[in-house]
Amino acid sequence: MSDDSRPSRTEPPTEPRTALRTAAVIPAAGRGVRLGPGAPKALRALNGTPMLVHAVRALAASRAVSLVVIVAPPDGAPEVKSLLDAHALPGGTPGGSWGSTDFLVVPGGESRQESVKLGLDALPPDYDIVLVHDAARPLVPVDTVDAVIQAVRDGAPAVVPALPLADTVKEVEPAAVPGDPEPVVATPRRARLRAVQTPQGFDRATLVRAHETVTDNVTDDASMVEQLGGQVVVVPGHEEAFKVTRPLDLVLAEAVLARRRLNDGF
Ligand code: CTP
Ligand code: MG
């Protein structure tokens with residue numbers, strides 16, 4: 001199964017118990033409007049393999065992750081299930097596992113938030129740490145996944161991988177008519193800003209409480225924990241964990257895969 005039988009560093013030494021188990025929820029139910037017309041984004045191919053398959057592999061590559069819950073487009077769960085079976089690694093049980101990582105497929109919702117909630121609802125009881133990872137970040141390195149898990153194991157209730165920004169960021173008054181000039185309101189100090197990625201890692205109870213309480217529309221899970229006054233910490237992200245959002249990102253993703261193939265020799 002996983003290496004989760006190691007004692008957790010957050011457990012008091014006098015109270016040994018089975019260590020914290022980690023599951024990942026992968027929201028993959030979005031349409032990918034910004035990518036342009038075509039199949040739902042998570043099902044689009046990168047070097048011949050669907051983006052979602054790359055994303056599931058990236059999470060299953062962590063020895064700590066023993067279950068992946070994939071949140072499929074609302075009417076696409078059977079298709080996603082057979083896609084994953086077709087790409088399952090040798091050793092996996094058809095229909096249920098990939099190597100030593102089990103997977104479950106559930107249908108998603110209208111918003112990312114709703115989709116993540118539906119994934120959380122499907123989690124079996126015996127998982128204490130939950131990662132939430134965008135299917136649209138198919139190339140996240142396993143070291144980033146492991147760094148997030150380690151920070152949660154070390155006691156942080158919410159952990160996000162993030163990178164410093166290259167661009168200066170302006171806050172504006174959005175124009176009523178798209179394309180009109182927009183007045184600048186403020187320029188936050190770039191050195192204090194971070195662009196956040198996924199997987200974001202959580203103590204399960206903290207994330208479940210956040211999803212049950214916060215109803216505002218948010219773009220990441222950690223901000224829901226922040227709204228409840230919970231502490232969120234940042235660990236170093238990775239440039240290969242970028243989100244495939246627009247057509248140029250597909251070119252970049254395929255270039256990264258080509259470079260990996262050269263370096264790894266496969
Ligand atoms: N997502 C989801 N359910 C939704 C909307 C988004 O599971 N109703 C997922 C996407 O599949 C993606 C992740 O959330 O893996 C991040 O969202 P984003 O990059 O915005 O993807 P899309 O919503 O598909 O893209 P767009 O906003 O361009 O339509
Ligand atoms: Mg979206």
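## Basis of the description

In this predicted model, local features need pLDDT of at least 70 and side-chain atom pairs count only at pLDDT 80 or more, while totals for chains, interfaces and linings use all residues. Residues are numbered from 1 along each chain as its sequence is written, chains are lettered from A and ligands numbered from 1 in the order in which they are written, and side-chain values use heavy atoms, without hydrogens and water.

A backbone N or O atom of G32 is 2.9 Å from an oxygen atom of the ligand, and one of G109 is 2.9 Å from a nitrogen atom of ligand 1. A polar backbone atom of S111 lies 3.4 Å from a nitrogen atom of ligand 1. On its own, ligand 1 has 560 Å² of accessible area (Shrake-Rupley method, 1.4 Å probe), and the protein covers 87% of this.

## The largest pocket

Ligand 1 sits in the largest pocket, in that more than half of its atoms lie within 2 Å of the grid points. A pocket is an open set of points on a 1 Å grid over the protein atoms alone, where a 1.4 Å probe fits, with protein on both sides within 12 Å along at least five of seven lines. Its volume, the space filled by probe spheres set on the points, is about 790 Å³.

The lining has 30 residues, with G30, R34, K41, R112 and K243 closest to the pocket centre; lining residues have an atom within 4 Å of a point. By class, 10 are nonpolar, 11 polar and nine charged. Helix 3 (residues 112-121) gives the most to this lining, with three residues; helices are DSSP runs (H or I) of at least four residues, and strands (E) of at least two, numbered from the N terminus.

## Backbone features

The peptide bond from T198 to P199 is cis, with omega near 10°. P199 lies in the loop between strand 11 (194-196) and strand 12 (200-203).

Key
A polar contact is a pair of N or O atoms within 3.5 Å; within protein, one must be able to donate a hydrogen and the other to accept it, and residues adjacent in sequence count only if both atoms are side-chain atoms. Ala, Val, Leu, Ile, Met, Phe, Trp, Tyr, Cys and Pro count as nonpolar, Asp, Glu, Lys and Arg as charged, and the others, Gly among them, as polar.
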